[in-house]
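Hello,

Here is the structure I promised to pass on to you. Have a look at it first, and then read my notes below with the model open beside you.

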Amino acid sequence: MKNKVIITCAVTGSIHTPTMSPHLPVTPAEIASASIEAAEAGAAIIHLHARDPENGYPSADPDIFMQFLPVIKQHCDAVLNISTGGSSLMSLDDRLAPARIASPEMCSLNMGSMNFGIFPLKDQYSNWKHAWEPELLEATRERIFQNTFANIEIIVDDLGGKHAARFEFECYDVGHIETLAYYLKQGRVKPPLYVQFVLGVLGGAGASPENLAHMKATADRLLGEDYMFSVLAAGGRQMKLATMGAIMGGNVRVGLEDSLTISRGELAPSNAAQVLKIRRVLEELGYEIASADDARKMLHLKGADAVAF
């Protein structure tokens, strides 16, 4: 499987808001449809957040998750990865509630607290659809995204231990890789680790080739043979750095959570369009796209029959 590349698609997230793109999935039906289309286009893993269906506000309500998780599972075999990040305005218990109920194959896990600044987006738009949109963006100027060592340990022990979920370890800077290496050495996390290099979020490492190379070199030094990696670049460098990551031996993540565009100045019409674009690039370079079953084997997942939805 060394030449197979896993494509993850993050279909909605909690960063972008409805004003920014009419194509951003909001309702459970839209999230389900976007996920199924992304899987059909070649995504082996679907990274999932939820939103209030009335106004698109980021939500961690398990009832909303349960409106789309069974639908996606029924219509495709993709690995469903539930975010434990939610948003910086949610409590830890709120953020973990959906995964605790759904007991998924995978969860995301941010490897540290950070200044997660999305407030600059506020200056790019006007005529907001909802009053909450600029308010939420501006709140990130003051709030930190909290994931302390204690928080990380709760998530690992609860979702990884009790629920046998594996993790997408989201590393926004080299210090997060150091933290992951600490828990690997302690035996609290088990290989193979799936490390997501997250580039381009204000407060973390910028979206540059140099930063990607540095993060991979750091992971190679600290994690050795115990990890695989994927590349997420926020904004306009999404496709370029994902391609670079694949050439370096990694996997890729795309989706409207991370970038709203398909090319410079052009909104992506769908999540599936981004999946198809990166798939075309990778196949032109000679890579084979990993299926969902390939991803399960590569990442040692428990299987779709062991989830609670």
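Helices (H or I, at least four residues) and strands (E, at least two) are DSSP runs, numbered from the N terminus.

Before going on, two notes on the source. This is a predicted model, in which local features need pLDDT of at least 70 and side-chain atom pairs count only at pLDDT 80 or more, while totals for chains, interfaces and linings use all residues. Residues are numbered from 1 along each chain as its sequence is written, and side-chain values use heavy atoms, with hydrogens and water left out.

Helix H9 and its ends

Ser-270 caps the N-terminal end of H9, with a side-chain oxygen 3.4 Å from the backbone nitrogen of Ala-272. That is a polar contact (a pair of N or O atoms within 3.5 Å; within protein, one must be able to donate a hydrogen and the other to accept it, and residues adjacent in sequence count only if both atoms are side-chain atoms). Among the buried residues of H9 are Asn-271, Val-275, Ile-278 and Leu-282. Here buried means under 20% relative accessible area, exposed over 50%, and partly exposed in between (1.4 Å probe, protein chains only). Just after H9, Gly-286 takes a positive phi of about 95°.

Helix H5

H5 (residues 149–162) also has 14 residues, which should span 20 Å at 1.5 Å a residue; its end C-alpha atoms are 19 Å apart, which agrees. Its buried residues are Asn-151, Ile-152, Ile-155, Val-156, Asp-158 and Leu-159. They pack against helix H3 (92–102), S7, S8 and H6. After H5 comes Ala-164, with a positive phi near 55°.

The nonpolar cores

In soluble globular proteins, nonpolar side chains tend to be buried together. A nonpolar core is a set of buried Ala, Val, Leu, Ile, Met, Phe, Trp, Tyr and Cys residues joined through side-chain atoms within 4.5 Å. The largest one here has 73 residues, of which Phe-68, Phe-197 and Leu-223 touch the most other members. Helix H1 gives the largest share of this core, 7 residues. A second, separate core of 20 residues includes Met-20, Leu-136, Val-198 and Ala-268.

Contact means heavy atoms within 4.5 Å. Leaving aside neighbours within four places in sequence, Leu-223 is in contact with Ile-177, Leu-180, Ala-181, Leu-184, Leu-193 and Val-195. Ser-35, found in helix H1 (residues 28–41), is buried, with a relative accessible area of 0%. Not counting residues up to four places away in sequence, Ser-35 touches Val-11, Ile-46, Leu-48 and Ile-72.

Aromatic rings

How many aromatic pairs does a search of the whole structure find? There are 9. Rings of Phe, Tyr and Trp (its six-membered ring) pair if their centres lie within 6.5 Å; planes under 30 degrees apart count as stacked, over 60 as edge-to-face and the rest as tilted. One of the pairs, Phe-116 with Tyr-172, is edge-to-face, at 5.7 Å centre to centre and 70° between the planes. This pair links distant parts of the chain: Phe-116 is in the loop between strand S7 (106–110) and helix H4 (132–139), and Tyr-172, 56 residues apart from it, is in the loop between strand S8 (166–171) and helix H6 (174–186). Both residues are buried. Elsewhere, Phe-149, Tyr-182 and Tyr-183 form one aromatic cluster.

His-300 is in the segment after helix H10 (292–299) and counts as exposed, at 52% relative accessibility. Its phi is near 60°, a positive value in a residue other than glycine. Leaving aside neighbours within four places in sequence, His-300 is in contact with Arg-166 and Pro-192. The C-alpha atoms of His-300 and Pro-192 are separated by 7.5 Å, although the residues are 108 apart along the chain. Pro-192 is in the loop between H6 and strand S9 (193–199), and the peptide bond from Pro-191 to Pro-192 is cis, with omega near 0°.

Enjoy exploring!

Key
Expected span 1.5 Å × (residues − 1).
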